[in-house]
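Dear colleague,

My notes on it follow, and I would be grateful if you read them with the model open.

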Amino acid sequence: MLRALCHGILIFSLLFSASAAIEIGRCNCDGDSLWSIETILQCQKVSDFLIAAAYFSIPLELIYFAACSNLLPFKWIVFLFGSFIVLCGLTHLLNVFTYEPHSFLLMLCLTVSKFFTALVSSATSITLLTLIPQLLRVKVRENFLRIKAWELDREVGKMKRQEEASWHVRMLTQEIRKSLDRHTILYTTLVELSKTLGLQNCAVWMPNEKKREMNLTHELRQRNSSSLYSHSIAIDDPDVMEIKETKGVKILRPDSMLAAASSASVLEPGAVAAIRMPMLKVSNFKGGTPEIVEASYAILVLVLPRDDSRVWSSQELEIVEVVADQVAVALSHAAVLEESQMMRDKLMEQNRTLLHAKQSAMMASEARNSFQRAMSQGMRRPIHSILGILSMMQQEKLSQEQRLVVDTMAITGSVISTLINDVMDTSTIDSERLSLIMRPFQLHSMIKEAASVARCLCDCRGFGFEFQVDNAVPDRVVGDEKRIFHVILHMLATLLDGRDEGFVTFRVLSYYGDKDGQDQEWVPWRSRFSDGYACVKFEISIKKAPSDEPSSSTVQLAPKPNSEGFEMGLNFNLCKKLVQMMQGNIWAVPNSQGIAESITLVIQLQLQPLSPVSDVGEAAGLYRTSSAPNFKGLRVLLAENDDINRAVTGKLLEKLGCSVSSVASGIECLNSFGNAATPFQLVIMDLDMPKMDVFEVAMRIRKSRSRCWPSIVALTASAGDDVWVKCLQSGMNGLIRKPVTLQSMGEELYRVLQNT
């Protein structure tokens, strides 16, 4: 504006100076009107004076303007133009004095002034011709700078809008991440987006379980019961499919079914936008890598108010995209949390189940321990005492009938003791697995003892009895003598059960395989027939009259629901397992009523080569009368916590000629050993004593500074092999397994004293 004013002043001054430079002489016009010559001259005189004053003031203003402005390239133009104005003013000032009579000098000055005015005005006009292109270039540069300034303002505005959008996104993100509940996240998103963008309604659509429809799950405005639109849309709707295939925001058409269903019953909604949100779960990942599964998306729909001037801006769409991504991340976190909570609840439930199972196991273990204690206190210890007393009675002088009774009692007591140990060992290891003790024994002696027991049982119940042994049956074999004896007694009891009278036949013969097909039950073991093995057949049958013939048909011994003779329970399972472990088989021959009439047992035994040396393993067999060794004068310290067993064991030692001192605990044993005036030569301790570990007692005795260490022998009812290893590690010399008999104790003490 200032430059345009300067240009106008310059052009006006040039025209005015040109008109002023024309000499107007005195005219010869006379008149009697108001405007006379004198009046006109006076007006011109005043006008020239005012013009001169104005001309002299304008250069001062131009000089001030040039000094204050930054128009350095155009200052000389300003000074030239100022000179021109001063000269024009000087001309008008001199012209004031020409209206009166004047001198030649005045006319000369006026002429010189006009001459210089003409020169300066010509120079100024010429200079303006060269100045106009420069002024035009200044105008173009000004327009360019104006355009740049406008673009800069636009960029600054865009940055401000982006900063504002970022602020809104941060605010929305903070609000969304305040909760990890899926429903809270979605409702917070709808409320905050509505506040930020000024929306009429927001809605979230999710696929159902079958992924056939999109259901309206969350909405900003609550719907009334008279809604005109359904709350579900087919998943194959064109808009739904297009939104799922588009990464960004999609503006829906006014006639879109999804837009109409998301407008909260408003008939004329504004512009509607929609965007997909991926739905992730923990099951989508394995080891941090997503599985190749079908993607599942939710749809976020946003509705603007009805306003012709309101449309979706790029800034708002950008905010929607960023918020949708943040909501997807928050939903994935919520899904992880929900599934983690479900897993935690499942683990807690499993933990409660495990705790309950642990408590049940502890109760079962306590019940088992109680059962073992009851069995030990009520059955095993008494039978051990009885067997010890019977072993002493066998050394006395008895009649034939008395000796038969005592031997029968000893044999049956040994079988009962073995059964009790089996039951306790089975409950201890929580398994029905049994073990065999393979030792050399005399088969004929065992058969006679079994026949004696069978005869006693038959006589007591009024049954007849017959006994036959084939001469081809081997005598010295290797096997588990007690187990075979147990199975034979079980066969006899099975036949006698449920009958009141009859005749029992017990036959033992060598077995080479029946021709009638009876041996087909144990064909897998026939391949082991060799010179070092022999098969023995034990057959027990019962009949009402000697003329009755047994049936030729055979069946394998197995439990039957309608036959009491075959319902043998635990005894049957034990016998069957034992027979199979001894490479044999057992079967029954029923009569026409289906009741067992005869039972046959076939066992494969290893033959023992003839040797003049007596078998050490015979000592652990069934109890037979034999001369006991004598240990007269042997000082023995006996430690046993059970009073009856301690008394019986003491009597057995005294029967062997020992001098016995008895104590009831390990502490008393250490005190007696340390305070004894005459040192003990032998210490016998029960491994099941309470309060103090017997192995520790043995190690303390070995560490004591005595002139002669005693031999230490342990007593135990356990059949485990690890017991002997622990005894050796603690410094013990021998081990006697219960039930303790006179013969077994004498042989073990003899062995210990011979080796120490």
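Helices (H or I, at least four residues) and strands (E, at least two) are DSSP runs, numbered from the N terminus. With that in mind, Lys-211 is found in the loop between strand 1 (201-207) and strand 2 (213-219). The phi of Lys-211 is near 55°, a positive value in a residue other than glycine. Most residues other than glycine have a negative phi, and most peptide bonds are trans.

The model is predicted: local features need pLDDT of at least 70, side-chain atom pairs count only at pLDDT 80 or more, and totals for chains, interfaces and linings use all residues. Residues are numbered from 1 along each chain as its sequence is written, and side-chain values use heavy atoms, with hydrogens and water left out.

Pro-739 lies in the loop between strand 21 (734-737) and helix 17 (742-755).

Lys-738 and Pro-739 are also among the residues that line the largest cavity, as are His-384, Glu-640 and Leu-715. A cavity is a set of points on a 1 Å grid over the protein atoms alone where a 1.4 Å probe fits but cannot get out; lining residues have an atom within 4 Å of a point. The volume of the largest cavity is about 80 Å³, a volume being the space filled by probe spheres set on the points, which are joined across faces, edges and corners. Helix 13 contributes the largest share of its lining, four residues. The lining comprises five nonpolar, five polar and two charged residues (Ala, Val, Leu, Ile, Met, Phe, Trp, Tyr, Cys and Pro count as nonpolar, Asp, Glu, Lys and Arg as charged, and the others, Gly among them, as polar).

Finally, helix 10 (residues 443-461) and helix 11 (residues 481-496) pack at an angle of about 25°, with axes 11 Å apart (axes are lines fitted to C-alpha atoms, for helices over the stretch in contact, and angles run from 0 to 180 degrees between N-to-C directions). Helix 10 is therefore roughly parallel to helix 11, a term for angles under 35 degrees. Residues of helix 10 including Met-446, Val-453 and Arg-461 meet residues of helix 11 including Glu-481, Ile-488 and Leu-496, where contact means heavy atoms within 4.5 Å. This contact of helix 10 with helix 11 has 12 nonpolar, no polar and three charged residues.

Yours sincerely

Terms used
On a 1 Å grid over the protein atoms alone, a cavity is a set of points where a 1.4 Å probe fits but cannot get out, and a pocket is an open set with protein on both sides within 12 Å along at least five of seven lines; lining residues have an atom within 4 Å of a point. Angles under 35 degrees count as roughly parallel, over 145 as roughly antiparallel, 65 to 115 as roughly perpendicular and the rest as oblique.
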